[in-house]
Every structure is written in structure tokens, then in C-alpha cells.
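The entries follow in the order I made them.

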Amino acid sequence: MEHKYLYVDGEMSTTGIRDAVDGDFVFLDELNLSESLKSRITSWLKEYNAHDLPKYEGSPIIDQLDEQGIKIAKLLQLELPEHIIVRYHSAVNMTSVYFWDGTNFIN
């Protein structure tokens, strides 16, 4: 089966998740996720969008939101099939973390 790549990314996103290849937003209901994870993503996205401004760059608020986003990406990877690879992208700090087979690759 061909791999699919997803970004967990709060910047300018209506769902917090987008397809890494075509850039389109992926609706949470399309991923067959647990209700608790969908709720967590939605809450994180609201908080992220409330603080996604350049003035917060390097602040503890962004660090906390990135930590939450990384946890969400790990949970997402666990709930999705093996052929889907999840990446967390911090739009403010411009860093990325990949999750696949329980291994993190920092880019």
C-alpha cells in the first residue's frame, strides 16, 4: 500500500490536519478517529489560532502549544493505519517532527 503523509499544523487550518502532498485540509471525520482525539484536536486548534501571532514566537505559550501538538500527532499516528505517516509542524518556530513506527525524526 502506498504511504500517505499528513501534517498536524494549526496555522490557517480549519481542521488542524492537512495532506502533505496536495496541501488540502483533511476533515477529522474522514480519518475514522476516536471522539476523544477529535475533541482534543479541535480544542488545541482553537487555542493555537488564538495565539498564532509573531509576537508569541519563542514564548512559553507557543512551546506549550507545540508540546500539545506533538502529543496529538503521536496519538494520531497510533490511531491511523501503518501506511499513513504523521508529521507535526510548528508554523511559528518552523520546526517539524515526524512520527512513524514509534520513532521520531526531527527535521
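**Salt bridges and their surroundings**

I started with D29, which forms a salt bridge with K38, the closest N and O atoms being 2.9 Å apart. By salt bridge I mean a side-chain nitrogen of Lys or Arg within 4 Å of a carboxyl oxygen of Asp or Glu. I note that the model is predicted, so local features need pLDDT of at least 70 and side-chain atom pairs count only at pLDDT 80 or more, while totals for chains, interfaces and linings use all residues. Residues are numbered from 1 along each chain as its sequence is written, and side-chain values use heavy atoms, with hydrogens and water left out.

Next I looked up accessibility. Buried means under 20% relative accessible area, exposed over 50%, and partly exposed in between (1.4 Å probe, protein chains only). D29 is exposed at 62%, whereas K38 is buried at 13%.

I then checked E35. Its side chain meets that of K38 in a salt bridge, at 2.9 Å from N to O. Both E35 and K38 lie in helix 1 (residues 35-51), three residues apart, which is about one turn of the helix. Helices (H or I, at least four residues) and strands (E, at least two) are DSSP runs, numbered from the N terminus. E35 is exposed, with a relative accessible area of 59%.

How many salt bridges does a search of the whole structure find? The search finds four.

I looked up the one between D19 and K4, where the side chains meet at 3.8 Å, N to O. D19 lies in strand 2 (residues 17-19) and K4 in strand 1 (residues 4-8), so this pair ties together parts that are 15 residues apart in sequence. D19 is buried, at 11% relative accessible area. K4 is partly exposed, at 34%.

My last entry is on D9. Where is D9 found? D9 is in the loop between strand 1 and strand 2. Is D9 buried or exposed? D9 counts as buried, at 3% relative accessibility. The side chain of D9 makes a polar contact with the side chain of R18, at 2.9 Å. A polar contact is a pair of N or O atoms within 3.5 Å; within protein, one must be able to donate a hydrogen and the other to accept it, and residues adjacent in sequence count only if both atoms are side-chain atoms.
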